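Open the model in your viewer and keep the sequence panel beside it.

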Amino acid sequence: MVGQPTAAHPATASLYRGAPAVAYVLHTVGHPAYRSALSTLDSMLGTVVRTQLADAHRRMDTGSPSRMREYDLISGLTGLGALLLHRGTCPKLLDDVLRYLVRLLQQRVTLHGAEVPGWWTSDSPSGRPDAAWPTGHGNFGMAHGVAVI
């Protein structure tokens, strides 16, 4: 798991990858020996979440549709928010994630002349743009869709 340096780049770190994933595992284990490492990981997690939130709010301000990885459980802010909830170390940041999710649910987006919910993803179900899905899709899956919100 940590044979290489732990990544904390906001574009790749998530509940399943990088510093947040390591924090999740160490928190779940709950051994006192990991307190120092978790403190460092909490700082990295804060940076990742703040950057992802800023990117998401900028996107929302433009009225553009989201990408699935912005909000989903596995690679997005929902998963990071769940980690923040379990860690209990940064309630203000958790509040910011929850406010983002509420904004995402309330916002409407115009896509190819049609109004769609803010959680409508511009991606195909694979999580990537695909010509077969030119208007994206409304993902209702438990790990990647609006159901996690």
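Helices here are DSSP runs of H or I with at least four residues, numbered from the N terminus. The model is predicted, so local features need pLDDT of at least 70 and side-chain atom pairs count only at pLDDT 80 or more, while totals for chains, interfaces and linings use all residues. Residues are numbered from 1 along each chain as its sequence is written, and side-chain values use heavy atoms, with hydrogens and water left out.

**Stop 1: helix H2**

Select 35-62, which is helix H2. The expected span of a helix is 1.5 Å times one less than its number of residues. For the 28 residues of H2 that gives 40 Å, and the end C-alpha atoms are 40 Å apart, so the two agree. Just after H2, select glycine 63, which has a positive phi of about 80°.

Now colour the buried residues of H2 (buried: under 20% relative accessible area, with a 1.4 Å probe and protein chains only). Among them are Leu38, Leu41, Asp42, Gly46, Gln52 and Arg59. The buried residues of H2 pack against helix H1 (19-29), H3, helix H4 (77-87) and helix H5 (91-106).

**Stop 2: the core**

A nonpolar core is a set of buried Ala, Val, Leu, Ile, Met, Phe, Trp, Tyr and Cys residues joined through side-chain atoms within 4.5 Å. The largest one has 26 residues, and Val49, Leu53, Leu77, Leu84, Val97 and Tyr100 have the most contacts inside it. H1, H2, H4 and H5 each supply at least two of its residues; H2 gives the most, with eight.

**Stop 3: Tyr100 and Glu70**

Centre on tyrosine 100. Contact means heavy atoms within 4.5 Å. Beyond its neighbours within four places in sequence, tyrosine 100 contacts Leu53, Ala56, His57, Met60, Glu70, Tyr71 and Leu77.

Move on to glutamate 70, in helix H3. Is glutamate 70 buried or exposed? Glutamate 70 counts as buried because its relative accessibility is 14%. Residues up to four places away aside, glutamate 70 touches Ala56, Arg59, Gly76, Leu77, Tyr100 and Leu104.

**Stop 4: the largest pocket**

A pocket is an open set of points on a 1 Å grid over the protein atoms alone, where a 1.4 Å probe fits, with protein on both sides within 12 Å along at least five of seven lines; lining residues have an atom within 4 Å of a point. Of the 22 residues lining the largest pocket, select Ala11, Arg67, Arg69, Glu70 and Ser75, which lie nearest its centre. H2 and H3 (68-71) are the elements that give two or more residues to the lining, and H2 has the largest share, four residues.

Technical notes
Buried < 20%, exposed > 50% of the residue type's maximum accessible area, 1.4 Å probe, protein only.
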